[in-house]
Amino acid sequence: MRLVADQVVVRYPRTDRDVLAGASLTVDAGESVAVLGPSGSGKSTMLSVLGGLVRPAVGAAYVDAAPPAPRLRDVTSWVLQTTNALPERSALDNVALAALTRGVSRPAAHAEARERLAQVGLAARADDPARVLSGGELQRVVIARALAGGRPFVLADEPTGQLDHATSMVVLDALLEGAAGASGTGVVVVTHDPEVAARCTRTVRIEDGKVLAS
Ligand SMILES: Nc1ncnc2c1ncn2[C@@H]1O[C@H](COP(=O)(O)OP(=O)(O)O)[C@@H](O)[C@H]1O
Ligand SMILES: [Mg+2]
């Protein structure tokens with residue numbers, strides 16, 4: 001399975017400016033792609049295109065898979081810069097929610113949540129309420145939740161943007177190792193941190209509306 005953005009141009013409503021200028025990016029299952037580029041260059045927009053949340057005005061975005069190919073939004077889950085865990089619920093509950101919404105039974109969802117928390121190094125914090133966790137720990141809970149959604153790709157938009165460098169590396173490693181442990185989940189991560197990017201299997205840059213290999 002592969003996410004494809006092919007020669008994409010995006011026009012947001014009520015703007016007369018194009019964002020991205022025929023930008024192309026493909027992401028395969030099992031790979032991790034770091035997306036770099038100046039602020040406002042269209043990194044988040046490209047992620048939204050790959051997640052099926054923004055439809056390109058020109059070009060195409062789709063899942064390349066054996067027919068019937070699923071929709072982009074059904075194969076992608078999100079990790080955002082601001083952590084959005086439920087503060088009063090335990091780390092375990094926060095993660096289990098993702099599996100529960102998939103229709104998994106409660107015991108199975110909790111078992112999977114424990115496994116995903118272990119993959120991000122938080123097995124010991126499973127029963128703590130989210131509000132007592134640090135920023136880096138919370139972001140790892142959100143990563144575990146994204147992985148527990150069972151979707152083949154995780155789109156992470158500056159997931160370490162609020163964290164110091166050392167914590168960023170712990171969180172990024174949790175994301176990459178968790179993805180590898182979750183049967184080869186593909187990862188796209190927008191980052192400004194070159195060392196975070198270096199941990200990924202591939203790095204691209206968005207510049208002048210195009211995606212460049214780097
Ligand atoms: N919902 C929106 N409506 C209008 N313009 C937008 C919207 N989202 C982003 N943009 C514009 O698109 C350009 C690219 O934004 P974005 O993809 O967020 O860049 P980056 O993530 O690289 O900082 C910016 O000029 C931004 O103002
Ligand atoms: Mg952005």
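Trainee: How are α4 and α5 oriented to each other: oblique or roughly parallel?

Mentor: First, a caution: this is a predicted model. The axes of helix α4 (residues 106-119) and helix α5 (residues 135-148) cross at roughly 130 degrees. The two helices are therefore oblique to each other. Their axes come within 9 Å.

Trainee: Which hand does the crossing of α4 with α5 have, and which residues meet there?

Mentor: The crossing is right-handed. From α4 come Glu 112, Ala 113, Arg 116, Leu 117 and Gln 119. From α5 come Ala 144, Leu 147 and Ala 148. By class, this contact holds five nonpolar residues, one polar and two charged.

Trainee: How do α3 and α5 pack: roughly parallel or oblique?

Mentor: Here the cut-off is an angle under 35 degrees for roughly parallel. Helix α3 (residues 91-100) makes about 25 degrees with α5. That is why α3 and α5 count as roughly parallel to each other. Their axes are 7 Å apart. The crossing of α3 past α5 is right-handed.

Trainee: Which residues of α3 and α5 meet?

Mentor: On the α3 side, they are Ala 91, Asn 94, Val 95, Leu 97, Ala 98 and Ala 99. On the α5 side, they are Val 141, Ala 144, Arg 145 and Ala 148. Eight residues of this contact are nonpolar, one is polar and one is charged.

Trainee: On to sheets. What is the strand order in the six-stranded sheet?

Mentor: The order is β5-β6-β7-β3-β8-β9. The sheet is open and its pairing is mixed. β5 (76-79) and β9 each have a single partner strand, so one side of each is left without a neighbour in the sheet. Neighbouring strands are turned by 25 degrees against each other on average, direction ignored.

Trainee: Which strands run parallel to β3, and over how many bridges?

Mentor: Strand β3 (residues 32-36) pairs with strand β8 (residues 202-207) in the parallel sense, over four bridges. Four bridges also join β3 to strand β7 (residues 186-190), again parallel. Leu 36 is partnered by Arg 205 in β8. Ala 34 is partnered by Val 189 in β7.

Trainee: Where does the antiparallel pairing with β8 come in?

Mentor: At strand β9 (residues 210-213), which four bridges join to β8. Glu 207 has Lys 210 in β9 as its bridge partner. The hairpin of β8 and β9 has two residues between the strands, and Asp 208 takes a positive phi near 50 degrees.

Trainee: Which helices lie across this sheet's strands?

Mentor: α5 lies across β5 and β6 (153-157), at about 175 degrees to β5. Helix α6 (residues 165-181) lies across β3, β6 and β7, at about 165 degrees to β7.

Trainee: What is the strand order in the three-stranded sheet?

Mentor: The order is β2-β1-β4, in an open sheet with antiparallel pairing. The edge strands are β2 (19-28) and β4 (58-64), each pairing on one side only. Neighbours here are turned by 5 degrees against each other on average, direction ignored. Six bridges join strand β1 (residues 2-10) to β4. Val 4 stands opposite Tyr 62 in β4. α1 packs on the sheet and touches β1, β2 and β4. The direction of α1 makes about 125 degrees with that of β1.

Terms used
Residues are numbered from 1 along each chain as its sequence is written. Chains are lettered from A and ligands numbered from 1 in the order in which they are written. This is a predicted model: local features need pLDDT of at least 70, side-chain atom pairs count only at pLDDT 80 or more; totals for chains, interfaces and linings use all residues. Axes are lines fitted to C-alpha atoms, for helices over the stretch in contact, and angles run from 0 to 180 degrees between N-to-C directions. Angles under 35 degrees count as roughly parallel, over 145 as roughly antiparallel, 65 to 115 as roughly perpendicular and the rest as oblique. A crossing is left-handed if the near helix is turned anticlockwise from the far one by less than a right angle, and right-handed if clockwise. Two residues are in contact if their C-beta atoms, placed from the backbone, lie within 7 Å. Ala, Val, Leu, Ile, Met, Phe, Trp, Tyr, Cys and Pro count as nonpolar, Asp, Glu, Lys and Arg as charged, and the others, Gly among them, as polar. Two strands pair if DSSP finds at least two bridges between them.
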